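Welcome! Have the sequence and the 3D view at hand, and let us walk through them together.

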Amino acid sequence: MTSEPDVPPGVDPAQPSAARIYDALLGGTSNYEADRAAAERVKAHAPEMVDSAWANRGFHQRAARWIASQGVRQFIDLGSGLPTVGNTHEVVRQVIPGAWVVYVDSDPLVLAYGRQLLGQDPAAAVILADARQPDEVLGNAQLRSLIDFTQPVGVLITAVLHFISDDSDPQGMIAAYMRAVAPGSYLALSQATADQKPPQAVQGVTEVYTSAAGGGYPRSKEEVRKFFEGLEIVPPYDGAEPDLTWVGLWGADDLEMADSEGSRWLYCAVAKRPA
Ligand SMILES: C[S@@+](CC[C@H](N)C(=O)[O-])C[C@H]1O[C@@H](n2cnc3c(N)ncnc32)[C@H](O)[C@@H]1O
């Protein structure tokens, strides 16, 4: 019998959440029966979704580490998800010890578990907020006590935008974050797509996320590229043009090994805010 994690205030274990379904796909233990059932339904439509979650997580980590290697010392991780292997503050501190990280998520379980994980860490915080409200997020007192807006910031928003509909103006939202941060800041973004995928699988997966987690909005390559307007996309791997790629390929040493059906569910890129 699996023992279920505690239920913090504000969490309904019977209602699956995007964060907990993702945790279940990654083989984590911060999820409930309803989340595991939803993850199973996702896998029934697209068995490669476990690989997809790992490919996305790998992109998140490689991109964060690469941004730190450009000398960026502070990060805002929007829609950060539940603590898992290789959290953002852990990977960026492999490059810049003491780097500052603010995690932002709208799921109260992320707040509860994130606080537990971070303990008394003076250079990291987790805040419960809706990424669709940039003014609220950027005005948060805890965030402002850690992030220096006169210095470059790494803004990470990976595997989040496909839960945000066009009605919420995700493009305007990204632009607001990137306007607020100093020139020399970076954006790392990934987003699910239906391009090149069997329509039945797309429909099935989207239905699960719509009923279980409030929505699923895959976007085309051109739609994802619009999120980078006004920014300078960096080449995703040695010898590539600066453009979007599949999550598995970004920063990969062995492109052949990294190319998989799972990886091809999400586009990604890293881009710089020019001076
Ligand atoms: C699939 S997980 C991705 C986690 C992590 N970014 C990664 O790539 O490994 C999506 C996360 O986005 C969060 N999320 C979805 N919509 C959000 C919103 N409007 N504001 C803040 N977080 C949101 C969910 O709660 C969940 O933790």
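Which residue just after helix 3 takes a positive phi? In this predicted model, that residue is Gly71, with a phi of about 95 degrees.

## Who surrounds the ligand

Now turn to the ligand. The space it takes is the largest pocket, and 18 residues surround it. The closest of these are Tyr22, Arg57, Gly79, Asp105 and Thr158.

If you sort the shell by class, you will find 7 nonpolar, 6 polar and 5 charged residues. Helices contribute as well: helix 1, covering 18-25, and helix 3, covering 49-69, each supply at least two residues of this shell.

## Polar contacts and cover

Two of them involve nitrogen on the ligand: an N or O atom in the side chain of Asp130 is 2.8 Å from a ligand nitrogen atom, and a backbone N or O atom of Ala131 lies 2.8 Å from a nitrogen atom of the ligand. On the oxygen side, a polar side-chain atom of Thr158 lies 2.6 Å from an oxygen atom of the ligand.

How much of the ligand's accessible area does the protein cover? On its own the ligand has 600 Å² of accessible area, and the protein covers 95% of that.

Conventions. Residues numbered from 1 in each chain as written. Predicted model: local features only at pLDDT ≥ 70, side-chain atom pairs only at ≥ 80, totals over all residues. Heavy atoms only, no water. Near = heavy atom within 4 Å. Polar contact = N/O pair within 3.5 Å; in protein donor to acceptor, adjacent residues only side chain to side chain. Areas by Shrake-Rupley, 256 points an atom, 1.4 Å probe, with all protein chains shown as cover. 1 Å grid on protein atoms, 1.4 Å probe; cavity = no way out; pocket = protein on both sides within 12 Å on 5 of 7 lines; lining within 4 Å. Sits in = over half its atoms within 2 Å of the grid points. Helix = DSSP H or I, 4+ residues; strand = E, 2+ residues; numbered from the N terminus. Nonpolar A, V, L, I, M, F, W, Y, C, P; charged D, E, K, R; others polar.
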